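Please open the model in a viewer and keep the selection panel at hand.

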Amino acid sequence: MHTDTQADRAEERLPKRLLAAMILIAIFALSLSSYVALTRSFQYQTRDEGPNAGYAVELAAGRLPTIDTPVTTDGHRYPLVVEGLGTMADEPHRHIWTANHPPLYYLMSLPLVATAEALEAPQVMVVGMRLINAVGSALCVLLVGLIAFELTRRPATAFLATGISASCTVLVTAGGHIANDGVAVAASSLMLLGTIKIIDRGLSRKRLALVALAGVAAASAKAPGVLTVVLCGAAIALALHLEDRSRRGALRALVASGVATGVPGLATGWFYVRNIILYGDPTATEALLSKFERQPNGTWWQVATDASLWVDWFERLWAPLLAEGFVVVVDALAVVAITGLLVLFLRGRTAGSPGDAWRSSGWLLLGAHALVVLGNLIGFVSSGGNANDRYLMPLMPLLASSLAIGLIAIVDVIPIGSPLTRVHLAAAGITLALGVYGFMIFDWFVNSKIYGGRLPNSDSRGAEVVVAAGLMCGLAAVCLMAWSARSKTARQPLPARPNHVGHSRTRTHTRARRRRQRSSHA
């Protein structure tokens, strides 16, 4: 099993200042989601909050619900949930139709259900379950930056990818509701990150344990997480087999892949077997479509080739359906990024350090993951399901990293100042602009009619303080990145001579590695 040397860790370690800046950006996104969680009225159908809350209530009573289990009617203990029942036009929508998903998110919510009952404060359960989702969405923002750094090894690109994901409306607003999306996408992103580390840096016990545990969380949070588990297991097996094609290497690849997929399978397989027994398929998709009498939206190919659908999905990630005035910003972001990617292609180079942005095999994994997610989503929509923008959240690592590389590529060709200073300042400036855009969308959303009122007894002032703190964190992150550019420029070394200490260390590290290889062969 691979063990990192001290030199390996020194070369590949994430800069502490960059990590701090990305965490601050994630806190900014968390503050906006928290405001929604603390203040918005209970959204029964539009965000599935009613059935999701009902799922947790059933688990608290020691019962695992089905898609036909009625939502609780106990108006004394759960008044907000019961009040929402009256807004439903038909009986199927008064059921826990989200029971096709595994119970991790709802198990995490059980302490909140118990606390709300003990304190006779029903709002504790609602706000608490929302905040769990908000934290998951914020973790996704951070993980996007970590994945971008793993792919490109450029701090500026990683920071910008974090800022792009934090400006995503879906991650911010949907993160403030009772839903399992935040936990699910964070777990899937963590598994992708761990798998990329194994593919690019080698297998170690810690990395394999990270992938296995993240796989358990992904498969336990939402049904599509199973696809991520299977894909990552296959990627690990293929990468390790290509690294060592001997019989011992094949066994090593098989064992590692077995751990990555077997541990999640043993932990969560029972639930999907239950779905098959109850509904005929692991995700209960057909049963749900029949329950709500959904009609097909066309063939798989018709949906896949509907260009307007793809444009609409992309735009809705950054601009709500009714916020048409903000779409121009989204389109401009895409046009500039695509132009930058085209520049990279035409110049025959990439945006690495310099030239490594696309060399990571992790891009193949993210690309395959995107195809799996989109293929599954197209099948769902063609069968009659809603084209919900939340379902695209798992694509954020690939989408934000690609957009960040394209934007930085444009900056790379601008002949002004030091290249290192230029890209760091550009990353800081673009992230600041995206943060302002994200806050404008947030302000529009909060003051729009679709916000739907306020939670009873909600503390608006306290929620505003949370947002103010988040804004300060976002501004601090931008300043930290700009300061990083200045300090790096001040310390920029002179061109190295052939006998520079860096070359000596490289030669020493190479000789040590060769000695280890000879001893292992011996």
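Begin by selecting E150 and K197, which form a salt bridge with their closest N and O atoms 3.4 Å apart. The model is a predicted one. E150 belongs to helix α7 and K197 to helix α10 (residues 181-201), so that this pair links distant parts of the chain, 47 residues apart. E150 itself is buried, at a relative accessible area of 4%. Next, select D48, D181, K222 and R390 together: salt bridges with shared partners join these residues into one network.

Remain with helix α7, which spans residues 122-152, and select R130. Which residue forms a salt bridge with R130? The partner is E49, and the closest N and O atoms are 2.7 Å apart. E49 lies in helix α3 (residues 49-60), so the pair ties together parts that are 81 residues apart in sequence. Is E49 buried or exposed? E49 counts as buried because its relative accessibility is 0%, where the limit for burial is under 20%. R130 likewise has 0% relative accessibility and counts as buried.

Now move to D68 and K291, whose side chains meet in a salt bridge at 2.8 Å, N to O. D68 is partly exposed, with a relative accessible area of 46%, whereas K291 is buried at 16%. To complete this part of the tour, display every salt bridge; the count comes to 15.

How many residues make up the largest nonpolar core? This core has 109 residues, and those touching the most other members are F159, L160, I164 and W318. Select helix α2 (residues 16-39) as well, since the largest share of the core, 11 residues, comes from there.

Centre the view on L160 and show its surroundings. Apart from neighbours within four places in sequence, L160 is in contact with A404, L407 and I408, and also with A427, I430, T431 and L434.

Key
Residues are numbered from 1 along each chain as its sequence is written. This is a predicted model: local features need pLDDT of at least 70, side-chain atom pairs count only at pLDDT 80 or more; totals for chains, interfaces and linings use all residues. Side-chain values use heavy atoms; hydrogens and water are left out. A salt bridge is a side-chain nitrogen of Lys or Arg within 4 Å of a carboxyl oxygen of Asp or Glu. Helices (H or I, at least four residues) and strands (E, at least two) are DSSP runs, numbered from the N terminus. Buried means under 20% relative accessible area, exposed over 50%, partly exposed in between (1.4 Å probe, protein chains only). A nonpolar core is a set of buried Ala, Val, Leu, Ile, Met, Phe, Trp, Tyr and Cys residues joined through side-chain atoms within 4.5 Å. Contact means heavy atoms within 4.5 Å.
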